[in-house]
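Dear colleague,

Please find below the structure I am handing over to you, together with its sequence.

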Amino acid sequence: MKDFGPAAEFFAQVDQAIAALKINARRGELPFFRGHADASYRLLPTLHRYLGDASWNRARRIECDLFFEFEARATGQGKGAGDDWETLFLMRHHGVPTRLLDWTDALLIAVYFAIGREGTPLPTSPRVHILNPVALNAVTDGWAYSDLVSPRFLNRLRHGETNFTYGEWLAWPREKDEPWPRVKPVALYPAHSNPRLHAQRGYFTLHGADPRPLEAQVPSMLQEVPITQAMIAPLRRLLADSGINHFNTERDFSGLGKDLVAEYFPAAISGREAGSQDTPKAT
């Protein structure tokens, strides 16, 4: 029997954080988890990271161009040409900047993204962020229910029974100088339409027009639990015993390749190995 000693303290702190967020499992509520290797990382989607302080019209034009170009070119590779939201999720998991932020309902998946596997460099200040998505949606503008949102119903809220796709929403004529119809973020319950999203038990938050990170917008709905250096080794053993690795979280050959490199050439693994759920790395 392996000794997971210090890891027990981590799980106790997670339980305390969930209790502080008042997440009620009896009502079917669930926490969202997200792992980061560096304490300086902010809960901000890649699109907002890249756009920085860009004007609203430039931001909207770039977002439109990214989506429609990806949709057109991915279709030629046997992808896309489906539901706009599925295309957006596919963009996110292939490194295209979007207003999506990845989450999971599986704690160990988030831990894996924070600390990586055995034999890789130790992260400097790993931690797991925990979000109460139901509380978030209770204050989301235009959303009248304290529940997760299926993306296909999200656009109906402002325009009666008209059910706009994501692409139509991007192209919707604006009466005011606003880059996005909503201001506040919303927690989504996506269909697990691609293998990676399914493997990571993925969920998303969708940022609105407010470009600030989640911890600045909704601090009361978030908790974070640091992973100390003493916790990393036992947690990595637990991940290995649970079969959580690149291949099982990415479900493609690139994930398998990363696992083989880590196994046979551990000295060649870069510090990016124990990174966040975001790619590419924020600047």
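The pLDDT is the predictor's confidence in each residue, on a scale from 0 to 100. The model is a predicted one, and the mean pLDDT of the protein chain is 78, with 69% of its residues reaching 70 or more. Two stretches call for caution. Residues 270-276 have a pLDDT below 50, and in the model this stretch has 23 contacts beyond near neighbours in sequence. The pLDDT is also below 50 over residues 279-283, a stretch with eleven contacts in the model beyond near neighbours in sequence.

Overall composition

The protein chain holds 13 helices and six strands. Of its 283 residues, 48% are buried. Where contacts join residues at least 6 apart in sequence, 76% of them join residues at least 24 apart.

Helix H1 and its surroundings

H1 covers residues 5-20, which makes 16 residues, and spans 24 Å from its first C-alpha to its last; this is close to the 22 Å expected at 1.5 Å a residue. Its buried residues are Ala7, Phe10, Val14, Ala17 and Ile18. They fall within an arc of 100° when seen down the axis of H1, so they line one face of the helix. Asp15, Gln16 and Ala19, on the other side of H1, are exposed.

Against what do the buried residues of H1 pack? Their partners are strand S1 (32-36), helix H5 (107-115), strand S3 (127-131), strand S6 (222-226) and helix H11 (229-241).

Lys22 has a positive phi of about 60° although it is not a glycine. Exposed means over 50% relative accessible area; Lys22 is therefore exposed, at 65%.

The nonpolar cores

The largest nonpolar core has 26 residues, and those that touch the most other members are Phe10, Val128, Ile130 and Ile227. H1, H5, S3 and H11 are the elements that give two or more residues to this core. The most comes from H5, with eight residues. Apart from this core lies another, of 20 residues, including Ala74, Val96, Leu100 and Leu188.

Leaving aside residues up to four places away in sequence, Ile130 touches Val14, Ala17, Ile18, Leu21, Pro31, Phe32, Phe33, Met221, Leu222, Gln223 and Val225.

Strand S1 and its pairing

Five of the five residues of S1 are buried, so S1 is largely enclosed by the rest of the structure. In a regular strand the side chains alternate between the two faces of the sheet. In S1, Phe32, Arg34 and His36 point one way, while Phe33 and Gly35 point the other way, and all are buried. S1 and S3 run antiparallel and are joined by five bridges. Phe33 has Ile130 of S3 as its bridge partner.

Helix H11

The buried residues of H11 are Met231, Ile232, Pro234, Leu235, Arg236, Leu238 and Leu239. H1, H5 and S6 are included in what covers them. H11 is followed by Gly243, which has a positive phi, near 75°.

Which residues does Pro45 touch, not counting residues up to four places away in sequence? Pro45 lies in the loop between S1 and helix H2 (46-51), and the residues it touches are Thr98, Arg99, Leu100, Leu101 and His207. Buried means under 20% relative accessible area, and Pro45 is buried because its value is 0%. Pro45 and Arg99 are 54 residues apart in sequence, and their C-alpha atoms are 5.2 Å apart in space.

Thr140 sits in the loop between helix H6 (133-138) and helix H7 (151-154). With a relative accessibility of 4%, Thr140 counts as buried. Not counting residues up to four places away in sequence, Thr140 touches Arg182, Lys184, Pro185 and Val186. The C-alpha atoms of Thr140 and Val183 are separated by 8.2 Å, and these two residues are 43 residues apart along the chain.

With kind regards

How values were computed: Residues numbered from 1 in each chain as written. Predicted model: local features only at pLDDT ≥ 70, side-chain atom pairs only at ≥ 80, totals over all residues. Heavy atoms only, no water. Helix = DSSP H or I, 4+ residues; strand = E, 2+ residues; numbered from the N terminus. Expected span 1.5 Å × (residues − 1). Buried < 20%, exposed > 50% of the residue type's maximum accessible area, 1.4 Å probe, protein only. Arc of directions from axis to C-beta. Contact = heavy atoms within 4.5 Å. Core = buried A, V, L, I, M, F, W, Y, C linked by side-chain atoms within 4.5 Å. Pairing = 2+ DSSP bridges.
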